[in-house]
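Q: I have a new model on my screen and I'd like to learn how to read its features one at a time. Could you walk me through it?

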Amino acid sequence: MGPETGDDAGVYLLDGHALVATADFITPVCDDPRRFGRVAAANSLSDVYAMGGRPLFALNLCCFPASDLPEGVMGAILEGAAEALGEAGAALLGGHSVRDAELKFGLSVIGEADPGRLLTNAGAREGQRLILTKPLGTGVLINAYKFDKLDEEGLEPALREMERLNAEASRLALRHGVTGATDVTGFGLGGHLLGMARASGAAIRIAFARLPIYEAFERLARSGVTTGCTRANENNAQPVFDDRAGLDEIQRELLFDPQTSGGLILSTPRESASALLEALIAGGHRAAEIGEVLPGPPRLEVV
């Protein structure tokens, strides 16, 4: 599997095994370097989980300023990432660092999946239900924190979710017969749903009122907090975006808000959707059933 469907990771078949390959890095989401390392690692690992795989090993991708970083910051970032990798059961084999004017950190990850049970963004089938495993709104919350419009206590609920690995959600998805999946990151929920619709040759309908949202999102968005990607995400979706709900500006902001270490979208057979949702919630996920898969042509319909 290469770049044809814009999936979360590439897949290489080797001696009956499906090797899953991905790389991702991000700028800081908080002031705590260890927690930033954990979030960055969880964000990078998520692509493997979105394919129904388990991570095997990773390499650090470090873009660190040559100066202006307090002593110990770089080490704490690496320690946080190593903690997340340990939780994932993956080995850290090393990595590479370069000097950069802006701090960035992430991982290149190799994982393994069952070739017969890959979860792809082309796997959504008519009649299936769509389940989202984490709340939305991290883009606005992170930017509000950076510009002192949100304090650490206000950011904490999102930080906890961003640190959460999508490992258990992926395992539960496989157990309950999920056939299609993708994780919600930079293109926002709307962009990633459209990616799934195009790859699957299907239409997707979501009920906006069912979307799980971080509590502070609406207040911050109404105060003018946004991101540099939100409008571009919305513009890219316009040709196949059917807004039957009459969304206002803030609701559209949520739909296309770029996420960091977001949840998985799971395209689930109708008969197992309730059981999967119950299992996710029992495991502490703030999950919700948000919509369904319809016959094509590819489009995103919001009601």
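This is a predicted model: local features need pLDDT of at least 70, side-chain atom pairs count only at pLDDT 80 or more; totals for chains, interfaces and linings use all residues.

Q: Which residue does R129 form a salt bridge with?
A: The general idea goes like this: side chains of opposite charge can pair when their charged atoms come close. Here R129 pairs with E289, and their closest N and O atoms are 3.9 Å apart. E289 is partly exposed, with a relative accessible area of 22%.

Q: Which residue pairs with E292?
A: That's R205, with 3.2 Å between the closest N and O atoms of the salt bridge. This pair also links distant parts of the chain, with R205 in strand β8 (residues 203–206) and E292 in strand β11, 87 residues apart. R205 is partly exposed at 26% relative accessible area.

Q: And what is the N to O distance between R244 and D242?
A: It's 2.8 Å for that salt bridge. R244 is exposed, since its relative accessible area is 54% and exposed means over 50%. D242 is partly exposed at 24%. Now zoom out: salt bridges that share partners tie R129, R205, R210, D242, R244, E289, E292, R299 and E301 into one network. Across the whole structure, the search turns up 26 salt bridges.

Q: How do I read strand pairing, and which strands pair with β3?
A: Check the direction of the two strands and count the bridges. Strand β3 (residues 54–64) pairs with strand β5 (residues 104–113) in the antiparallel sense, over nine bridges. One point of contact to click on is L59, whose bridge partner in β5 is S108. β3 also runs parallel to strand β4 (residues 91–99), joined by eight bridges. There, C63 has V98 as its bridge partner.

Q: What should I look for in the backbone angles?
A: As a rule, most residues other than glycine have a negative phi, and most peptide bonds are trans. D15 has a positive phi of about 50°. D15 sits in the loop between β1 (10–14) and β2 (17–26) and counts as exposed at 71% relative accessibility. S261 also has a positive phi, near 50°. Its place is the loop between α9 (249–255) and β10 (264–268).

Q: Is S261 buried or exposed?
A: S261 is buried, because its relative accessible area is 2%.

Q: Where is the cis peptide bond?
A: Look at the bond from G296 to P297, where omega is near 5°. P297 is in the loop between β11 and β12 (299–302).

Q: One last stop: is H285 buried or exposed?
A: H285 counts as buried, given its 4% relative accessibility. H285 is in the loop between α10 (270–282) and β11. The C-alpha atoms of H285 and N166 are 9.7 Å apart, while the two residues are 119 residues apart along the chain.

Conventions
Residues are numbered from 1 along each chain as its sequence is written. Side-chain values use heavy atoms; hydrogens and water are left out. Two strands pair if DSSP finds at least two bridges between them. Helices (H or I, at least four residues) and strands (E, at least two) are DSSP runs, numbered from the N terminus. A salt bridge is a side-chain nitrogen of Lys or Arg within 4 Å of a carboxyl oxygen of Asp or Glu. Buried means under 20% relative accessible area, exposed over 50%, partly exposed in between (1.4 Å probe, protein chains only).
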